[in-house]
Amino acid sequence: MPKHTFLAKPIDMSKGFTDFFDTIGMTGVGLVTKGIAAVIAVIALRMLLQVSNDPKSALRRGSMAVGTLFVAVILALYGDTLFSTVTDAKG
C-alpha cells in the first residue's frame with residue numbers, strides 16, 4: 001500500500017504568472033477584462049441603489065444603471081475576445 005496519495009499531478013510553476021494563468025485557463029488580458037467588468041458592475045449597482053423618489057428621474061437613472069450593468073455583463077463574457085481583436089494579441 002502506498003504511503004503517499006497524490007490528488008493532482010505536480011505542475012511546474014517556474015515561469016511565475018504565465019504558468020499560473022495557464023493553469024486557470026485565463027490570460028492576463030482576460031483577468032484585466034474581468035476586473036474592469038467587476039468595477040463597472042459595482043458602479044451600476046451603486047447607481048441602482050441611489051435612484052430617487054421622483055418617477056421621471058428614477059426612470060432615467062434606473063435605465064442608465066441597467067444599461068451600465070448590461071455593458072459590464074457583456075464585457076465580462078466577451079471582453080477578452082473583443083480586446084484580442086483590437087490589440088492583435090498572438091497567443
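1. How many helices and how many strands does the secondary structure of the protein come to? There are three helices and zero strands, where helices (H or I, at least four residues) and strands (E, at least two) are DSSP runs numbered from the N terminus. Read along the sequence, the pattern is α-α-α.

2. A word on how to read this note: the model is predicted, local features need pLDDT of at least 70, side-chain atom pairs count only at pLDDT 80 or more, and totals for chains, interfaces and linings use all residues. Residues are numbered from 1 along each chain as its sequence is written, and side-chain values use heavy atoms, with hydrogens and water left out.

3. On confidence, the protein averages a pLDDT of 78, and 76% of the residues score at least 70; pLDDT is the predictor's confidence in each residue, from 0 to 100. Confidence is lowest in helix α1 (residues 17-24), with a mean of 69, and highest in helix α2 (residues 28-49), with 84. Where pLDDT is low, the predicted coordinates should not be read in detail.

4. Turning to the whole chain, the protein exposes about 7,600 Å², of which carbon and sulfur atoms supply 69%; accessible areas come from the Shrake-Rupley method with a 1.4 Å probe, and for residues only the protein chains shown count as cover. Of the 91 residues, 15% are buried, a term that means under 20% relative accessible area, while exposed means over 50% and partly exposed lies in between (1.4 Å probe, protein chains only). Among contacts (heavy atoms within 4.5 Å) between residues at least 6 apart in sequence, 46% join residues at least 24 apart.

5. Two residues deserve a look for their links across the sequence. Isoleucine 40, in helix α2, counts as partly exposed because its relative accessibility is 23%. Leaving aside neighbours within four places in sequence, isoleucine 40 is in contact with Thr68, Ala72 and Leu75, and its C-alpha atom is separated by 7.2 Å from that of leucine 69, which is 29 residues apart along the chain. Glycine 79, in helix α3, is buried, since its relative accessible area is 0%. With neighbours within four places again left aside, glycine 79 is in contact with Thr33 and Ile74, and the C-alpha atoms of glycine 79 and lysine 34, 45 residues apart along the chain, are separated by 7.7 Å.

6. Finally, the surface carries a nonpolar patch of about 400 Å², made by Val73, Leu77, Tyr78 and Leu82. Patches are made of residues with over 30% relative accessible area and no salt bridge, like charges being joined within 9 Å and nonpolar side chains (Val, Leu, Ile, Met, Phe, Trp, Tyr) within 5 Å; a salt bridge is a side-chain nitrogen of Lys or Arg within 4 Å of a carboxyl oxygen of Asp or Glu. Tyrosine 78 lies in helix α3 (residues 55-87) and counts as partly exposed, at 48% relative accessibility.
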